[in-house]
Amino acid sequence: MFEKKKIIIIGPPGVGKSTIKKVFFEMVSPFKLMNTSIEPTRGVDSKIFTLFNYELGVFDLAGQENENWFSHEREIFLNANLLLCVFDINMYIKEIQDFFFKLLNIHKEMNLKKASIVVFFHKVDLIDKILLHHKINAFKDFLKTNLAINENIPVFPTSIAADFFLTTYDYVAEILGKIISIKNLGNRVDQINELRKDLEILINYDVYKTYNINVLFYDFNLQHKDALIHLNQLKKLGLVEILSDKNQFSLTEKTRIFKSDIIIDDINQNQIKINRILDGMFLFSNLNEK
Ligand SMILES: Nc1nc2c(ncn2[C@@H]2O[C@H](COP(=O)(O)OP(=O)(O)OP(=O)(O)O)[C@@H](O)[C@H]2O)c(=O)[nH]1
Ligand SMILES: [Mg+2]
């Protein structure tokens, strides 16, 4: 039996809500969506995913219809477990506060006790670091004056750009990990070991080249059937493409981000990074579209 969780993605128009849903839930390549204009969402774009024994309903709300979501269509928030509020980091802080104030009001008026709120300051690739810290601090000060002392709303600086992708990947994994119970993580140790081998495959080969699947037999002692299991796992995470005859594969551009993060000199630092990446891969490889 699946336990249901409802996730709502809300925010002003054009801030990147649908992009976040596509990249982190549907495993669309961040490179494909960066700077491409996708159609503004109309109404609500909802999809159901499974994560271990949970069913996640993800509701991506059209930014152009925020007036409706905050008034006569507010029932959309009923039974929500997570309100993911996304802002473009380059919005004026006053605009951000005004929008967020409306969301807090809905939360109070509708008594959405089960719904935790998380804020993304998105597109941080488009701002310099000092201004970013200034904006986040200004927003945190605003939260302090508007929330009860025991309320905590996490604020994450996010982006799908290469330099920020893996941190954002971690944040999303952490947030999803929190709305499910750790008791239900399935066979974690075995899966992590398999993923460790997946990661070794990524490290061993070059992006942009095409390989015959037999290399996995010579380099990793994997028979064709087992090699395909690993490649399909990596394909699901958007890290590998398997060519139509199933005898060849190549690593996708997204792999470059994973590799650049772990190929450094300090071995201890490397282990920490590898474990962090494996945690993310573990969570996302258990996320399936229903
Ligand atoms: N620079 C940069 N652009 C991004 C990022 N994420 C999304 N975008 C761009 O932002 C634009 C708008 O993205 P959408 O995901 O359609 O925005 P939305 O919030 O769903 O918009 P509505 O559906 O109108 O509410 C697209 O052109 C994306 O390429 C990011 O991290 N950095
Ligand atoms: Mg959208």
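**Close-up views of a predicted model**

**View 1. Asp88 counts as buried, at 15% relative accessibility.** The cut-off for buried is under 20% relative accessible area. The model shown here, as in every view below, is predicted. Asp88 is found in strand S4, residues 82–88. The side chain of Asp88 reaches out to the backbone nitrogen of Asn90, at 2.8 Å. Neighbours within four places in sequence are left aside for the contacts of Asp88, which are Val15, Ile96, His122 and Lys123.

**View 2. Ser18 and Thr41 coordinate the magnesium ion (ligand 2).** Ser18 contributes OG and Thr41 contributes OG1, at 2.0 Å. Ser18 lies in helix H1 (residues 17–24), while Thr41 lies in the loop between helix H2 (30–33) and strand S2 (44–51), so the pair ties together parts that are 23 residues apart in sequence. Ser18 is buried, and Thr41 is buried too.

**View 3. Helix H6 packs against helix H10.** H6 spans residues 162–179 and H10 spans residues 253–262. Their axes lie 9 Å apart, at an angle of about 80°. That angle makes H6 roughly perpendicular to H10. On the H6 side, the contact uses Ala162, Phe165, Leu166 and Tyr169. On the H10 side, Lys254, Ile257, Phe258 and Asp261 meet them. By class, the residues of this contact of H6 with H10 are six nonpolar and two charged, with no polar ones.

**View 4. Helix H7 crosses H10 at roughly 95°.** H7 covers residues 188–204, and the axes of H7 and H10 come within 10 Å. H7 and H10 are therefore roughly perpendicular to each other. Leu199, Leu202 and Ile203 make the contact from H7. Thr255, Lys259 and Ile262 make it from H10. The contact of H7 with H10 has four nonpolar residues, one polar and one charged.

**View 5. Leu234 counts as buried, at 0% relative accessibility.** Leu234 lies in helix H9, residues 224–236. Leu234 and Glu289 are 55 residues apart in sequence. In space, Leu234 and Glu289 are 16 Å apart, C-alpha to C-alpha.

Conventions: Residues numbered from 1 in each chain as written. Chains lettered and ligands numbered in written order. Predicted model: local features only at pLDDT ≥ 70, side-chain atom pairs only at ≥ 80, totals over all residues. Heavy atoms only, no water. Donors = N, O, S within 2.8 Å, 3.2 Å for Na, K, Ca; no water. Helix = DSSP H or I, 4+ residues; strand = E, 2+ residues; numbered from the N terminus. Buried < 20%, exposed > 50% of the residue type's maximum accessible area, 1.4 Å probe, protein only. Axes fitted to C-alpha atoms, helices over the stretch in contact; angles between N-to-C directions. Parallel < 35°, antiparallel > 145°, perpendicular 65-115°, else oblique. Contact = heavy atoms within 4.5 Å. Nonpolar A, V, L, I, M, F, W, Y, C, P; charged D, E, K, R; others polar. Polar contact = N/O pair within 3.5 Å; in protein donor to acceptor, adjacent residues only side chain to side chain.
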